[in-house]
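Please brief me on this structure. I am new to it and want the main points, grouped by topic.

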Amino acid sequence: MSDAPMLSVEGVSKTFYPGTVNERRALCDVGLQLAEGDFVTIIGSNGAGKSTLLNVIAGSLSVDSGSVVVDQRDVTRLREHRRATWLARVFQDPSAGTAPHLSIEENLAIAYNRGKPLTLGLGLTRARRAIFREQLATLEQGLEDRMSHRVGLLSGGQRQALSLLMASFTHPKLLLLDEHTAALDPERAELVLRLTAQMVADQHLTAMMVTHNMDHALRLGNRLVMMHEGRIIHTLEAKDKPTATVADLLEWFSQERGGMTDRTMLA
């Protein structure tokens, strides 16, 4: 294992609508490093810069200054589709990560071929279908018996579980999870969170998960980052995270806001 970080974000700043009355500083000189196998949860109030940071890392937003390095490759100026070789993402909207008009097995074939040379077909061989069936069974949704069904017919929880499986298929260098359980009911959210933790651990993935849920942020991952107004204001490392509580998170956030405590800001 290399000593170099899997992800290095250095001095990243991003301002929306610069020079106008709507100017907003979304990221302010943000620096963050993830070692291989780190699973970092990111929490903060609305507008803290959490999703903007993920968008910058994914390449869907350019930076004003700073750099993004993935597995020792400087990807700062690469467009989003070029970064897809090394990065995978699961979005908040269950419909965003799949093609609803295609079948489950066709979606899986697209994910399986990500980053590989383009071919005329999806390569849905008997052997590959067997792999897909085995992987789908791990989702505990019965999707292994519905592989020819259109994805648009699935529930939100089923689609999000499928999106998670598709994102992990190619063993990405970095898995980005952008509030990927926020649109689900509590029961489905718990299932997807359990699958997330299991996949990250089993495949030794390096992952970042943005969430508004303080309990989820504390339960999952080995590190935690708190953001506020475009900055990282507190970091919990692996040795301290297991003993941290929701009350601790509220206290740190309250201190940053000058003693003003409002649980809904982080709920």
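Predicted model: local features only at pLDDT ≥ 70, side-chain atom pairs only at ≥ 80, totals over all residues.

Residues are numbered from 1 along each chain as its sequence is written, and side-chain values use heavy atoms, with hydrogens and water left out.

Helices (H or I, at least four residues) and strands (E, at least two) are DSSP runs, numbered from the N terminus. Strand 3 pairs with strand 8 and with strand 9.

- An open sheet is built from 4 strands in the order 2-1-4-5, with antiparallel pairing. Two strands pair if DSSP finds at least two bridges between them.
- Strand 2 (24-34) and strand 5 (73-74) are the edge strands; each has a single partner strand, so one side of each lacks a neighbour in the sheet.
- Strand 1 (residues 7-16) and strand 4 (residues 65-70) run antiparallel and are joined by 5 bridges.
- Glu10 faces Ser67 of strand 4.

- Strand 3 (residues 39-44) runs parallel to strand 8, with 4 bridges between them.
- Phe39 stands opposite Ala207 in strand 8, and Val40 has Met208 as its bridge partner there.
- Strand 3 also pairs with strand 9 (residues 223-228), in the parallel sense and over 5 bridges. Gly44 is opposite Met227 in strand 9.
- Strand 7 and strand 8 run parallel too, joined by 4 bridges. Asp178 stands opposite Val210 in strand 8.
- Strand 3 is mostly covered, with 6 of its 6 residues buried. Buried means under 20% relative accessible area, exposed over 50%, and partly exposed in between (1.4 Å probe, protein chains only).
- Phe39, Thr41 and Ile43 point one way from strand 3, while Val40, Ile42 and Gly44 point the other way.
- In strand 8, Ala207 and Met209 point one way and Met208 and Val210 the other, and all are buried.

**Helix 1**

- Helix 1 (residues 50-58) has 8 of its 9 residues buried, so the rest of the structure largely encloses it.
- Among the buried residues of helix 1 are Lys50, Thr52 and Asn55.
- Gly59 follows helix 1 and has a positive phi, near 95°.

**Helix packing**

- Helix 5 (residues 156-168) packs against helix 6 (residues 186-203) at an angle of about 10°, and their axes are 10 Å apart. Helix 5 is therefore roughly parallel to helix 6.
- Axes are lines fitted to C-alpha atoms, for helices over the stretch in contact, and angles run from 0 to 180 degrees between N-to-C directions.
- Angles under 35 degrees count as roughly parallel, over 145 as roughly antiparallel, 65 to 115 as roughly perpendicular and the rest as oblique.
- The contact (heavy atoms within 4.5 Å) includes Gly157, Ala161 and Leu165 of helix 5, and Arg188, Leu195 and Met199 of helix 6.
- The axes of helix 3 (104-112) and helix 4 (126-137) come within 11 Å and cross at roughly 100°. That makes helix 3 roughly perpendicular to helix 4.
- Ile104, Glu105, Leu108, Ala109 and Tyr112 of helix 3 meet Arg128, Arg129, Ile131, Phe132 and Leu136 of helix 4.

**Nonpolar cores**

- The largest nonpolar core has 32 residues; Ile104, Leu108, Leu136, Leu139, Leu162 and Leu175 have the most contacts inside it.
- Such a core is a set of buried Ala, Val, Leu, Ile, Met, Phe, Trp, Tyr and Cys residues joined through side-chain atoms within 4.5 Å.
- Leaving aside neighbours within four places in sequence, Leu139 is in contact with residues including Ala161, Leu162 and Leu191.
- A second, separate core has 31 residues, including Val56, Val70, Leu174 and Leu176.

**Leu154**

- Leu154 lies in the loop between helix 4 and helix 5. Leu154 is buried, with a relative accessible area of 8%.
- Not counting residues up to four places away in sequence, Leu154 touches Ile104, Leu143, Arg146, Arg159 and Leu162.
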